[in-house]
Amino acid sequence: MPPKKPKSAKGSAGGKKKGKNEPPPEEKPDHPEDILPMVLTSVTQELFDCRADEDVTAESPYKLLQTEDIIQDIKTRAGVSDFSPVKQIVLDYPDDEILLVYDRAFTYGQLFYLVLTPEAKDRILNPPEPEETQGESEWEVCRTPESKEWISLGSELEIEEESVKETREKLLYKFSRVRRELGKPVSFSDRNTADAKDGNLGFASYEDSRFSIKLMQRDCGTQAVSRLQSSSVQTQWKFPWNKSTQYAPRELSEEERKDILQSESLKNFCNLVTPRVLQALQQEEIMNVFRDDWMALGNGPEAGDWSGKDSKGLMLHQAFTDHKYTKDRKISSINWHPTIDGVIAVALTVEKEQNSEELTTSDIRPSFIVFFCFSDPSHPQLLLESPGDILAFKICPSDPNIIVGGCMNGQVVLWDISAHVTYLQRPPPSGKKDSLELDDNAENVIPTVRPCAMSTLENSHKGRITDVKWLPATFEVTRTGEPVENKQKMSVQVVTCSPDRTIMFWDVRVPKTVSQSASDSSTVDQTEMTPYTVLDTFKHLGRTWRPLLRISLLKISTKGEYTPLKFNFEPYTCDGNTDEADEKDDRSEILQYSQLTVPSADALTALPDVNTKLYIGTEDGEIVYTDWRLEKDDSGQVHFPKPLHCFRAHYCMVNTIQRSPFFKDIILTAGGFNFAIWKEGVIEGPIILSPNTEQVCTVGCWSLSRPAVFFIGKDDGSIEVWNLLEQSSEPVEAYLHVTNAKITCITPWISSPKQHFLAVTDELGMVRILEIPKKFFVPGRTERSNVRKYFEQDKKRLLDYLQCEEMCKKEKKESEKLKKKTEPVKPVPTLQEIDDMELKEYRDCLTLEENILKGMGLWTAPPEIDDI
Amino acid sequence: MAEVEETLKRIQSQKGVQGIIIVNSEGIPVKTTLDNSSTVHYAGLIHQLVMKARSTVRDIDPQNDLTFLRVRSKKNEIMIAPDKDYFLIVIQNPSD
């Protein structure tokens with residue numbers, strides 16, 4: 001039995017709290033409170049039967065003593081008793097027995113100690129659990145467990161499987177040396193396995209096909225890694241700086257301001273500083289010291305990168321012609337496709353000598369508008385069929401698939417090429433290849449588009465339509481010509497003019513069901529299938545498409561009407577007054593024309609700032625400026641507006657009126673033998689009138705990139721390039737014989753910033769695409785402002801000139817009047833008197849002759865002369 | 001006060017002058033012909049510039065001092081005449 005450890009008991013006794021505290025350190029010199037070390041003499045020991053090493057031993061050091069006995073002993077022996085110091089404690093002791101412990105190891109300093117409290121006694125006698133159990137186990141009867149019968153649960157099989165057993169006996173190889181060599185020294189050496197043949201025998205592992213083990217289970221170690229690991233780092237904030245600051249500027253209060261303004265120092269300051277400032281301001285005014293003269297000298301293209309290989313003239317880029325469709329036909333109009341690059345549309349008319357009236361009866365052959373693509377110069381890509389020759393056509397600016405054209409017979413025709421646009425977009429690879437192989441099969445059928453809608457003959461113009469234009473998407477026009485806002489933001493109205501002295505406004509939307517019967521006819525025609533794919537875009541116009549507004553142009557001073565050939569109006573750009581929401585809505589989807597209806601005029605807001613004035617060029621060479629709004633009389637009657645002014649600038653037919661793409665109010669007109677530039681608002685006449693040239697100017701157009709440059713086409717096939725800033729009396733460049741015949745149309749186009757094209761068409765059906773040389777399309781740096789100034793100057797000059805003229809006339813009149821008054825009344829000889837004078841002279845002559853002849857002796861008497 | 005006004009008028013009458021601001025040494029505008037927000041903007045920024053310019057000049061030569069500063073930009077020219085207590089800012093649109 002292991003010796004008891006009184007220390008732990010002591011510790012627990014000394015702790016007073018059972019089991020809670022840590023056991024105090026083992027060596028405790030002082031004794032706890034409820035234990036009192038005592039010395040017991042041998043007499044006492046004998047008395048109480050606790051003789052050292054006899055009754056009480058190290059193994060059983062406890063002795064329970066009766067308290068009565070102790071008290072008795074104290075009484076009998078009084079002071080001599082060993083128990084005298086504990087007399088009081090013993091008397092107070094509740095229990096009957098008190099514990100005396102033999103302390104052989106002298107832990108408390110004495111041989112014995114007395115346990116003073118019953119609790120401690122209990123504690124010592126019955127120590128806490130571990131000791132207790134141990135004690136119990138010690139005191140219990142130790143029995144070895146009985147071995148039970150082993151019941152096999154199947155584990156021996158596994159064990160047998162796992163266990164390693166010898167399958168055969170161990171092989172024993174005994175090497176011994178030959179007997180005669182026993183005892184002799186041995187020398188061992190190394191040998192490489194590779195040196196000797198068969199030095200090593202390898203047994204490579206191979207996959208035995210007889211059996212295969214499939215690994216069903218494999219142990220592998222895993223370690224869980226936390227998905228999210230948060231860690232933090234502490235940085236040193238060495239330099240604190242503000243992330244953001246919010247501040248308000250300091251301001252002076254009114255009082256302070258007043259004070260300062262009145263102060264003396266401010267006055268001094270002002271006086272001191274003013275001269276400097278004035279000097280600086282004046283310097284600034286006089287001259288710009290920072291202006292780089294050298295750079296400013298170069299005017300655009302020369303200053304830029306001017307490589308030597310710049311073309312000097314208009315280089316022919318491509319030429320389009322087609323045997324079947326375009327040869328020997330006069331091209332009347334040409335348009336570039338606004339969105340698809342490299343596609344042009346050309347309208348052809350048959351060159352006829354007769355007047356237009358004869359045409360309408362005889363010619364039934366259909367005419368076409370031909371689309372050419374850059375990639376295929378000899379075959380048109382698309383054809384638009386029309387009932388008569390088209391003199392003018394335009395592509396709708398808001399939907400490039402809609403094309404409107406005006407016919408020779410006065411009809412307005414609409415096409416929708418949405419279904420055929422793919423022909424224009426893709427380059428035709430097959431066309432080129434096929435032309436090499438078989439010519440017959442290569443005759444690809446060129447898609448033809450028939451018109452979607454045509455105006456009826458009785459509602460159209462009576463004469464040929466010479467000009468067609470779309471109204472811009474920014475405004476539309478009501479029945480009275482009032483411009484109102486266009487909610488749909490698409491171009492929906494077309495303006496046409498014709499030498500039948502009218503201008504008509506057409507609307508391509510579904511007309512109101514009240515007035516028109518077009519809606520009825522549209523429902524009927526739904527099942528009808530047309531041969532070529534004609535789209536239903538304009539079915540609603542049906543058969544009764546009539547103009548919205550008809551204007552005839554009365555002459556200003558004389559009776560009759562003007563015969564317009566071309567017209568031009570100002571393209572109105574929206575101010576942005578419309579709601580944002582409307583714009584967004586309408587741009588999200590392009591509305592179909594068939595869904596658009598003419599809204600009632602009251603629902604739309606009028607746009608008062610639209611310029612409703614038209615410039616019209618007539619057959620007689622006049623330029624007429626008129627308003628298209630119908631005027632209201634005093635009596636309430638609506639009638640056509642009177643033109644505002646008219647000017648005869650050209651000798652004969654005006655064939656071009658074009659607004660400058662840079663300035664809204666500058667218009668170029670060409671006709672007859674000259675051309676003119678007008679400024680809108682200047683009613684006295686054109687601000688620039690060119691000198692008369694030898695050739696007829698057949699067409700003119702502005703350059704798209706340079707504000708001062710425009711091109712004039714001539715009767716003999718030459719093109720003149722004019723630059724207003726360089727020379728205003730003659731063209732800067734004249735390219736002779738660009739075509740062989742009269743030039744009928746010129747249209748510029750910008751295909752890329754480096755390539756500008758000019759499409760030139762002529763009477764023989766050839767379309768030439770010329771590349772404009774760089775110097776004519778790269779604008780100068782300040783060209784626009786210079787040109788504007790130039791026009792202003794010209795306008796002033798014109799006004800001045802006119803004023804001068806006026807003044808001259810006045811002066812002349814006045815001087816004449818003065819002259820009449822001041823000269824003396826000279827008797828003007830009458831006719832009779834003159835006669836008499838002459839007769840007298842004659843008579844004098846005769847007498848002189850007579851005298852001379854008499855003197856010479858040759859005088860013969862003359863016959864009698866009668867008085868004349 | 002009248003003198004100050006008169007000076008301002010003289011300067012204002014020059015061609016191309018867009019605005020005049022008088023600022024005190026702390027950069028607070030005292031008198032201006034522009035609207036408040038622009039004034040405050042100009043005053044704050046130009047004050048710093050003038051201080052920097054002045055310190056530059058004096059750093060190079062302590063006997064020297066800044067008399068006039070002209071800032072030429074694409075759109076206009078800003079002229080600043082500094083003094084001990086105030087400085088005058090004039091914004092001019094050059095003629096060309």
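Analyst: Hello! Buried means under 20% relative accessible area, exposed over 50% and partly exposed in between (1.4 Å probe, protein chains only). This is a predicted model, in which local features need pLDDT of at least 70 and side-chain atom pairs count only at pLDDT 80 or more, while totals for chains, interfaces and linings use all residues. Residues are numbered from 1 along each chain as written, chains are lettered from A and ligands numbered from 1 in the order written, and side-chain values use heavy atoms, without hydrogens and water.

User: How many residues of strand β7 (residues 343-350) of chain A are buried?

Analyst: Helices (H or I, at least four residues) and strands (E, at least two) are DSSP runs numbered from the N terminus. A:Val343, A:Ala345, A:Ala347 and A:Thr349 point one way from β7(A), with A:Ile344, A:Val346, A:Leu348 and A:Val350 pointing the other way, and all are buried. The strand is largely enclosed by the rest of the structure because the buried count is 8 of the 8.

User: Which residue stands opposite A:Leu348 in β7(A)?

Analyst: Look to strand β6 (residues 329-336), which pairs with β7(A) in the antiparallel sense over 7 bridges; pairing requires at least two DSSP bridges. The hairpin of β6(A) and β7(A) has 6 residues between the strands, and A:Gly342 takes a positive phi near 85° there. Opposite A:Leu348 stands A:Ile331.

User: In β8(A), what is the bridge partner of A:Val346?

Analyst: β7(A) also runs antiparallel to strand β8 (residues 367-373), joined by 5 bridges. Within β8(A), A:Val346 has as its bridge partner A:Val370.

User: Which strands of chain A stand at the edges, each with a single partner strand?

Analyst: The sheet here is open, with 4 strands in antiparallel pairing and the order β31-β32-β33-β34. One side of each edge strand is left without a neighbour in the sheet, so the edges are β31 (697-702) and β34 (733-735).

User: In β32(A), which residue is the bridge partner of A:Cys697?

Analyst: β31(A) pairs with β32 (residues 709-714) in the antiparallel sense over 5 bridges. A:Cys697 counts as buried, at 0% relative accessibility. Its bridge partner in β32(A) is A:Lys714.

User: How many disulfides does the structure hold over all chains?

Analyst: A disulfide is a pair of cysteine sulfur atoms within 2.5 Å. A:Cys407 counts as buried at 0% relative accessibility, as A:Cys697 does. Over all chains, the number of disulfides is 0.

User: Are A:Glu720 and A:Lys714 buried or exposed?

Analyst: Their side chains meet in a salt bridge (2.8 Å, N to O), that is, a side-chain nitrogen of Lys or Arg within 4 Å of a carboxyl oxygen of Asp or Glu. By contrast, in the 2.7 Å salt bridge of A:Lys170 and A:Glu166, A:Lys170 is exposed at 64% and A:Glu166 is exposed at 55%. As for A:Glu720 and A:Lys714, both are buried.

User: What is the relative accessible area of A:Asp794?

Analyst: A:Asp794 forms a salt bridge with A:Arg797, with 3.2 Å between the closest N and O atoms. Both lie in helix α17 (residues 783-822) of chain A, 3 residues apart, about one turn of the helix. A:Arg797 is partly exposed at 48%, whereas A:Asp794 is buried because its relative accessible area is 6%.

User: Which residues are linked with A:Glu284 in a network of salt bridges?

Analyst: Chain B comes in here: this chain has 2 helices and 5 strands, running α-β-β-α-β-β-β from the N terminus on. The residues linked with A:Glu284 are B:Arg70, B:Arg72 and B:Glu77.
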